[in-house]
Amino acid sequence: MFASFSALSALSVHGRGAARLAAVTLASGLVAAGVLAGAGPAAADETAQTQGGATATIGGLKTYGTAVIHGDSGDQEVSAGLFEMSVEGGGTLQTYCADLHTPTQRDAKYHETPWSGTSLGTNKDAGRVSWILQHSYPQVNDLASLAEEAGISGGLSEQDAAAGTQVAIWRYSDGADVDAADPEAEKLADHLFKSARAMPEPKPSLTLDPPAVSGRPGELLGPVTVHTNAEGVTVTPPADAAISGVRIVGKDGKPLTSATNGSQLFFDVPAEAAAAGSSDLTVQASTTVPVGRALTSDSRSQTQILAGSSESTVSATAGATWATTGAIPALSAAKNCAKGAVDITATNQGDEPFTFDLMGTEHSIPAGETRTVTIPLQEDQAYDFTINGPAGFPQRFAGVLDCKTQTATTAITTQTLSEPSPATVGGTAPDTNLAATGGSSATPLIAGTAIALVVIGGAALVLLRRRQDSPQS
């Protein structure tokens, strides 16, 4: 990823040094990627940093119009409107983009994410974006009423409603100087932008708190509390329950197969279990995902924010580790965009300090204490941490820190050469699956420049070799 990003950044440099800088920057990108990724063994169990909720695959723009971005280098037309996502396990989500200049990756997988793990977490106007979603299309599907509120005499089409809503969101999510091309859509955008008021972040559809617990065999490890807007959740016991003997129970010690909001779950680890081990549980429900929830992808695809949800499948997982003696850590991780970092939270329920090394620094968690280790990272950098627990059980945390919206001046560098051009604007596109919003009209220029650099580089090598092979005078 970094090699591609760095190489593309170099393409914006003009003059005789462009090819040389491209090669140097490419090498630098490869070094950076090696430092930040590949820290742990391949056998490590990857610990999800999602805090539960919906997981979905983006399917492209479905209802949209045209927007015009005003920048120092001129105006640029882009598609603006509603995306559609297919939820794993069943369901459909409708979303708007909250990161204008970042392209959408084809078939990227997204997961429900707290605002704190996105650019919304540091955006003082995030609550106004949530207000717009609650008071516009598709939450308000009476377009005649919406047009009347916005002072639009000619009425609104679905395309205009979607485009106007997206433009108003971009003005707050990205601070963008952007207008809707259609006059009615622009009037709606102005109305929503001026009317927006701060609203609180919506609660998650489903999460487990904490996501990891620890203790000794023969004890109830927990509690893990269920938080959900669903009427109830199903509880799936550990996959190896028949072998390990671990049961999922309530605080009364009775086995549980279902739970509700506020229920407390425990891992019942038998005294005769292995001296050290780990297990996990999964809860699942069918519900609507709250409007305003953020969705992010580790493939560096633009952040989305939820505008509508069908009845959808949501899930969450929590883990447990145990040991008879020594350190007994429970580990979890979360992106912290306010600090530009990843927070590793470690709780040690053992009788010895839990010591681990991360990025060249040793950390020690005293027995009986909980501490959070903050790992600062640069924007868009990949990370891959593996921490060994009891008996060497590895826990791996991997992802990409994506906490900032891109700017118009850097949009060209985040475009990939293999990425398709933005979709044709205006109308409903049933099969659009492109980087339609956040894409750049400069893609052909980038590709042309890249080809030119390859040709120039090849020619330079030929000339250099001819000079070396020619007789010295």
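This is a short tour of a predicted model, stop by stop.

**Before you start**

Residues are numbered from 1 along each chain as its sequence is written.

**The whole protein**

Show everything. The protein has nine helices and 25 strands. Helices (H or I, at least four residues) and strands (E, at least two) are DSSP runs, numbered from the N terminus. Of the 473 residues, 50% count as buried. Buried means under 20% relative accessible area, exposed over 50%, and partly exposed in between (1.4 Å probe, protein chains only).

**Stop 1: helices H3 and H5**

Select residues 126–134 for H3 and 158–173 for H5. The two pack at about 170°, with axes 9 Å apart. Axes are lines fitted to C-alpha atoms, for helices over the stretch in contact, and angles run from 0 to 180 degrees between N-to-C directions. H3 and H5 are therefore roughly antiparallel. Angles under 35 degrees count as roughly parallel, over 145 as roughly antiparallel, 65 to 115 as roughly perpendicular and the rest as oblique.

Now show side chains. Arg128, Val129, Ile132 and Leu133 in H3 meet Thr165, Ala168, Ile169, Tyr172 and Ser173 in H5. Contact means heavy atoms within 4.5 Å.

Stay on H5. Of its 16 residues, 15 are buried. Gly175 follows H5 and has a positive phi, near 60°.

**Stop 2**

Move to Pro138, in the loop between H3 and helix H4 (143–149). The peptide bond from Tyr137 to Pro138 is cis, with omega near 5°.

**Stop 3: Ala307**

Pro138 leads on to Ala307, one of whose contacts it is. Find Ala307 in strand E16 (residues 304–309). Is Ala307 buried or exposed? At 0% relative accessibility, Ala307 counts as buried. Leaving aside neighbours within four places in sequence, its contacts include Leu82, Tyr96, Leu133 and Val291.

Step back to Arg300, in the loop between strand E15 (294–296) and E16. Arg300 is not a glycine, but its phi is positive, about 60°. Arg300 is buried, with a relative accessible area of 8%.

**Stop 4: a four-stranded sheet**

Which strands come next? The order is E7-E9-E13-E11, an open sheet with antiparallel pairing. Two strands pair if DSSP finds at least two bridges between them. E7 (206–209) and E11 (247–249) stand at the edges with a single partner strand each, so one side of each has no neighbour in the sheet. E7 and E9 (residues 220–228) pair over four bridges. Leu206 stands opposite Thr228 in E9.

A cis peptide bond joins Asp209 and Pro210, with omega about -5°.

**Stop 5: Met359**

Select Met359, in the loop between strands E20 (354–358) and E21 (361–365). Its phi is positive, about 55°, although Met359 is not a glycine. At 45% relative accessibility, Met359 counts as partly exposed.

**Last stop: the E23–E24 hairpin**

Select E23 (residues 382–388) and E24; seven bridges join these antiparallel strands. Five residues lie between them, and Ala391 in the turn has a positive phi of about 55°. Asn388 has Pro394 in E24 as its bridge partner. Six of the seven residues of E24 (residues 394–400) are buried, so E24 is largely enclosed by the rest of the structure.

Definitions and conventions
Predicted model: local features only at pLDDT ≥ 70, side-chain atom pairs only at ≥ 80, totals over all residues. Heavy atoms only, no water.
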